[in-house]
Amino acid sequence: MSTRGIFPGFCQDDGKLTLDFPSKAHEFNRAHFGGHEVTIEVYKRRSKRSLRQNAFLHAAIEPWAKQIGETVTGLKIALLGEVFGWTTVRGHQVPTKDHTSELNTEEFSDVMAYAMQAAAEDGVLILDPSQYLAEKRKREKKAALAA
């Protein structure tokens, strides 16, 4: 297994890179790569969807999946294909992005928005996360008062 250093930073308009923690990067690079040729890879930072967002998607589409006779996994794969497109692999249509773990927060929001619209067309209401949490808190408060 090769050692890799990943250092967050910012690229100025003129192309100059500024590291968020330059002394830590310097210390790491000296310890692991001092005296060696290296390859430097720069890419835009992206915010990955969280595990909580993924759990919400599964919980949100489960009633819809049951209503239309589909599994949650099957429905999620169909949603990914509808949002990001399909490709053919060995004669089978598969989504270009076939795992939500590959998605950033913006892409994940696109999937949620599409799911809410498509579910509504099937007569199923999927609340957005803020509405869902508000409704959940109401139920919990009501249950606590009733106890």
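**Close-up 1**
Val89 has His92 in β4 as its bridge partner. This is a predicted model, in which local features need pLDDT of at least 70 and side-chain atom pairs count only at pLDDT 80 or more, while totals for chains, interfaces and linings use all residues. Residues are numbered from 1 along each chain as its sequence is written, and side-chain values use heavy atoms, with hydrogens and water left out. Thr88 stands opposite Gln93, also a residue of β4. Strand β3 covers residues 86-89 and strand β4 covers residues 92-95. The two strands pair in the antiparallel sense, over four bridges. Strands count as paired if DSSP finds at least two bridges between them. Strands (E, at least two residues) and helices (H or I, at least four) are DSSP runs, numbered from the N terminus. In a regular strand, side chains alternate between the two faces of the sheet.

**Close-up 1. Arg90 in the turn.**
Two residues sit between β3 and β4 in the hairpin. Arg90 belongs to the loop between these strands. Its phi is positive, about 50°, although Arg90 is not a glycine. Is Arg90 buried or exposed? Arg90 counts as exposed because its relative accessibility is 82%.

The structure holds two salt bridges. A salt bridge here is a side-chain nitrogen of Lys or Arg within 4 Å of a carboxyl oxygen of Asp or Glu. Side chains of opposite charge can pair when their charged atoms come close. Lys66 has a relative accessible area of 63%, so Lys66 is exposed. Glu62 has 36%, so Glu62 is partly exposed.

Lys97 and Glu107 meet through their side chains in a salt bridge of 2.3 Å, N to O. This pair links distant parts of the chain, ten residues apart. Lys97 is in the loop between β4 and α4 (105-121), and Glu107 is in helix α4. Glu107 is buried, because its relative accessible area is 16%.

Patches are made of residues with over 30% relative accessible area and no salt bridge; like charges are joined within 9 Å, and nonpolar side chains (Val, Leu, Ile, Met, Phe, Trp, Tyr) within 5 Å. Which helix gives the patch its largest share? Helix α5 (residues 129-146) does, with three residues. Arg52 is placed in helix α2, residues 51-68. Arg52 counts as exposed because its relative accessibility is 66%.

**Close-up 2. The nonpolar patch.**
Leu17, Val38, Ile40 and Val42 make up a nonpolar surface patch. Together they have about 420 Å² of accessible area. Such areas come from the Shrake-Rupley method with a 1.4 Å probe; for residues, only the protein chains shown count as cover. Leu17 sits in strand β2, residues 17-19. Its relative accessibility is 47%, so Leu17 counts as partly exposed.

**Close-up 3. Ile61 in helix α2.**
Ile61 lies in helix α2. Ile61 is buried because its relative accessible area is 0%. Ten residues along the chain separate Ile61 from Leu51, and their C-alpha atoms are separated by 16 Å.

Ala143 is in helix α5. At 47% relative accessibility, Ala143 counts as partly exposed. Ala143 and Ala59 are 84 residues apart along the chain, with 21 Å between their C-alpha atoms. Pro8 lies in the segment before β1 (9-11). Pro8 is partly exposed, at a relative accessible area of 33%. From Pro8 to Lys44 the C-alpha distance is 9.7 Å, with the two 36 residues apart in sequence.

Terms used:
Buried < 20%, exposed > 50% of the residue type's maximum accessible area, 1.4 Å probe, protein only.
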